[in-house]
Amino acid sequence: WEFNGSFYQPPAFLMMGIPGLEALHHWISIPFCALYLIALLGNCMILFIIKKTQSLHEPMYYFLSMLAVTDLGLVLCTLPTTLGVFWFNMRRIGFDACLTQMYFIHILSFIESSVLLAMAFDRFIAISHPLRHPSILTKTTVIKIGLAIVLRGMVSLLPIPFLLKRLTYCRKTELSHSFCFHPDIMNLACADIKVNVFYGMIILLTTVGMDFIFIVLSYILIIKTVISLATKEECLKALNTCVSHICAVLVFFIPMIGLSMIHRFGKNVPPLVNTLVAYTYLIIPPALNPIIYSIKSSHIREALLRALWRKSE
């Protein structure tokens with residue numbers, strides 16, 4: 001559609017499901033429902049077990065609780081619009097509602113990245129300074145870290161909705177996903193988006209990018225400490241406490257980096273690939289994290305089995 005040069009802001013956007021497979025949306029919704037259900041039940045279970053088990057009231061599990069709350073938030077942000085598109089073909093989302101959803105999706109993603117960094121720091125302190133670990137990461141310190149993480153995400157992303165509202169848009173209003181992403185909305189504008197691109201890239205590099213670098217540095221220091229341990233058994237025992245966290249980091253960062261690359265450089269990437277990477281990034285980590293921690297953490301597993309045993313009696 002031609003743009004006549006006057007300021008235009010669409011009243012709503014149209015969301016997409018999976019391009020080319022619209023006729024199969026009802027069938028495709030089945031695995032999505034399963035993943036959402038696993039994410040909701042799994043993260044609620046993690047929170048319940050940590051709350052009820054006194055022995056789990058430690059920094060590692062406080063951070064795991066933050067991760068579970070963040071994953072629940074991500075699920076609840078995308079579930080209504082995704083299933084609305086798949087089940088009822090409800091593709092329309094208001095302009096302001098879209099900006100609100102986008103803001104919370106990005107905030108929660110940034111918070112998850114920061115929580116994973118805090119968990120890496122916790123593992124480093126626990127392995128490098130085990131005797132000082134309780135005095136360094138007290139309950140008050142963990143709460144302060146949690147508040148700092150939330151404030152960092154909220155403040156850094158606050159300008160994004162206003163930067164989008166100042167733009168004038170073309171008559172094309174079709175988004176690439178069944179939820180709202182900043183690059184996706186931005187690319188529908190007919191105005192100069194250099195400020196949006198620059199600010200988005202700077203924020204991504206100084207938050208998620210820095211988190212990833214510090215996580216890698218933490219593990220370099222952890223490996224250095226583990227190598228200096230006396231026996232092979234001690235090395236394996238120390239590294240085993242990090243396996244679940246490493247899996248959570250990979251599950252979160254690999255799709256996120258892939259999606260960022262596609263949005264910025266993948267102009268010729270098929271829409272189906274873009275869509276699948278976006279769904280992987282937002283749905284798979286919340287579903288897999290509870291499973292990873294339930295399998296790899298003996299404390300979580302034992303607490304879960306005790307809870308199930310009490311219910312069966």
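UniProt positions are given in the numbering used here, and its annotations may be inferred rather than shown by experiment. The model itself is predicted.

## Annotated segments

The UniProt entry, which is unreviewed, places the feature "transmembrane region" at residues 24-50, 62-88, 100-121, 142-164, 197-222, 243-264 and 276-295. Residues 24-50 are 96% helix and 0% strand. The C-alpha atoms at the ends of that stretch lie 40 Å apart. Residues 62-88 are 100% helix, again with 0% strand. Here the end C-alpha atoms are 39 Å apart.

## Helix pairs

| Helix pair | Angle | Axis distance |
|---|---|---|
| α1 (residues 25-52) and α2 (residues 59-88) | about 155° | 9 Å |
| α3 (residues 95-128) and α10 (residues 243-265) | roughly 150° | within 11 Å |
| α3 and α8 (residues 194-227) | roughly 20° | within 9 Å |

Start with α1 and α2. They pack at an angle of about 155°. Angles over 145 degrees count as roughly antiparallel, and α1 and α2 are therefore roughly antiparallel to each other. Their crossing is left-handed. The contact of α1 with α2 involves 22 nonpolar residues, seven polar ones and one charged one.

Next comes α3 with α10. The axes cross at roughly 150°. That makes α3 roughly antiparallel to α10. The crossing of α3 and α10 is left-handed. Which residues of α3 meet α10? They are S109, F110, E112, S113, L116, M119 and A120. On the α10 side, the partners are H245, A248, V249, F252, F253 and M256. By class, this contact of α3 with α10 has nine nonpolar, three polar and one charged residues.

Helix α3 also packs with α8. The two axes cross at roughly 20°. Angles under 35 degrees count as roughly parallel, so α3 is roughly parallel to α8. α3 passes α8 in a left-handed crossing. The contact of α3 with α8 divides into 15 nonpolar, six polar and two charged residues.

## Salt bridges

How many salt bridges does the model contain? The count comes to four. One of them is formed by R91 and E174. The closest N and O atoms of R91 and E174 are 2.7 Å apart.

Notes:
Residues numbered from 1 in each chain as written. Predicted model: local features only at pLDDT ≥ 70, side-chain atom pairs only at ≥ 80, totals over all residues. Heavy atoms only, no water. Helix = DSSP H or I, 4+ residues; strand = E, 2+ residues; numbered from the N terminus. Axes fitted to C-alpha atoms, helices over the stretch in contact; angles between N-to-C directions. Parallel < 35°, antiparallel > 145°, perpendicular 65-115°, else oblique. Left-handed = near helix turned anticlockwise from the far one by under 90°. Nonpolar A, V, L, I, M, F, W, Y, C, P; charged D, E, K, R; others polar. Contact = heavy atoms within 4.5 Å. Salt bridge = Lys/Arg side-chain N within 4 Å of Asp/Glu carboxyl O.
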